[in-house]
Amino acid sequence: MKPFQLEEYLSNGVDRIVNGILKASFHDPRGSIFMIQYGGASKKARKKREMAEHQGEHIPPFLIASITEQCNLRCKGCYAQANQGCGKSPVQLTSGQWGNIFTQAEELGIGFILLAGGEPFTRRDVLEEAGRHKNILFPVFTNGTMLDEAYLKLFTSSRNLLPVLSIEGGESSTDARRGAGVYARLCQSMEMLKEAGVLYGASVTVTKENLREVTSEEFLKNLVNYGCKAVVYVEYVPVDKGMIHLAPGDEERDYLDQRLKVLRQEQEELLFISFPGDEKTSGGCLAAGRGFFHINAAGGAEPCPFSPHSDTSLLHTTLREALHSPLFLRLQSDGLLLNEHVGGCVLFEQEQQVKEYLLEE
């Protein structure tokens, strides 16, 4: 049997996503032109990563960047609020500092940076800076309530910024978690994006409670009618032990996996992405630099958003150096990322072990 090749697995996944976005933008000439150009940049980025791999250095193709802790909502079960307090950190990176990180990422061969928060729309300066880095694709994960004409203009002119609106299902499911009236505001935002011809997607936090609703034909047809082109399913990670009953287990993951196989054949107008997806096929959890890592609003390099622990700051080190942080190397080498787990994140269940690693440094 051919040994598992992580770089090949990740790069093939990137290629599938790029091709899927290109297909989704088929009827949008401006979006298609950009994606064709980005496809060329993505191939160059892959060659950089492959060259580094041959030299014994692994460069992941993705980053997740929480560019702010500020948010205009207080959603139930929000990991950002539970982990960082939404706005309590005294220091946040400037747009110039983020721009420097984006430049370093491009030089390393990192072609995708997921922008999150908090609510990233509270940092227009950072989004404008991201828009200038045309060789990087920036999915912007937003609650969708702050979209206005100025942001529509930004997304129209900067095609490498792809808004991804968070939705929990229908009106009752979405408003129950995010607040009364949020679903109606989301529908308004989706209509605005559709009319402006902006390529956008939806992000769905999958729990045991909403799994069947958010994978139903009715829910997906409604998104298509609003012009949505991609759906990102994110397994719910509990913010505390009392919420673990909502996290998908093996049965729910198997259902989602089988359902996605059907949807990808029947709903060709939508691109479907699942995170973290089947970890067995990826050789374990992709956090801590295997497939990505997380940069918090203050510049701390963390294994992932659900494991907010850091021993390295990008205020003092380069992106390349952060990839070799003692914590990341320890997590990669000791097999912790390969452990079985019940909730949506292996590192969430191993939080005490991660903390002990930090104490040992």
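**Entry 1: Val 354**

I looked up Val 354 and found it in helix 15, residues 351-360. Helices here are DSSP runs of H or I with at least four residues, strands are E runs of at least two, and both are numbered from the N terminus. The model is a predicted one: local features need pLDDT of at least 70 and side-chain atom pairs count only at pLDDT 80 or more, while totals for chains, interfaces and linings use all residues. Residues are numbered from 1 along each chain as its sequence is written, and side-chain values use heavy atoms, with hydrogens and water left out.

I noted a relative accessible area of 0% for Val 354, so the residue is buried; buried means under 20% relative accessible area, exposed over 50%, and partly exposed in between, with a 1.4 Å probe and protein chains only. I listed the residues that Val 354 touches, leaving out those up to four places away in sequence: Ser 307, His 309, Leu 327, Leu 331, Leu 336 and Leu 347. Contact means heavy atoms within 4.5 Å. I also checked Pro 308, which is 46 residues from Val 354 in sequence and 9.9 Å away in space, C-alpha to C-alpha.

**Entry 2: Thr 68**

I located Thr 68 in the loop between strand 1 (62-66) and helix 3 (79-84). Thr 68 counts as buried because its relative accessibility is 1%. Its side chain reaches the backbone nitrogen of Gln 70 at 2.9 Å, and makes a polar contact with the side chain of Gln 92 at 3.3 Å. A polar contact is a pair of N or O atoms within 3.5 Å; within protein, one must be able to donate a hydrogen and the other to accept it, and residues adjacent in sequence count only if both atoms are side-chain atoms. Beyond four places in sequence, I found that Thr 68 touches residues including Gly 117, Glu 119, Arg 123 and Ala 297.

I asked which residues of helix 6 (149-157) are buried. They are Tyr 151, Leu 152, Leu 154 and Phe 155. They lie on the same side of helix 6, because they cover an arc of only 160 degrees around the axis; the arc is that of the directions from the helix axis to the C-beta atoms. The face turned away from this buried side carries the exposed residues Glu 149, Lys 153 and Ser 157. At the start of helix 6, I found a side-chain oxygen of Asp 148 within 3.2 Å of the backbone nitrogen of Ala 150.

I recorded that the buried residues of helix 6 pack against helix 5 (124-131), strand 3 (138-142), strand 4 (161-166) and helix 8 (182-196). The axes of helix 5 and helix 6 come within 10 Å and cross at roughly 20 degrees. I noted that axes are lines fitted to C-alpha atoms, for helices over the stretch in contact, with angles running from 0 to 180 degrees between N-to-C directions. Helix 5 and helix 6 are therefore roughly parallel; this covers angles under 35 degrees, with over 145 roughly antiparallel, 65 to 115 roughly perpendicular and the rest oblique. At this pairing, Arg 124, Leu 127 and Glu 128 in helix 5 meet Ala 150, Tyr 151 and Leu 154 in helix 6.

**Entry 3: helix 8**

I found Ser 189 in helix 8, where its 1% relative accessibility counts as buried. Ser 189 touches Gly 144, Leu 147 and Leu 165, not counting residues up to four places away in sequence.
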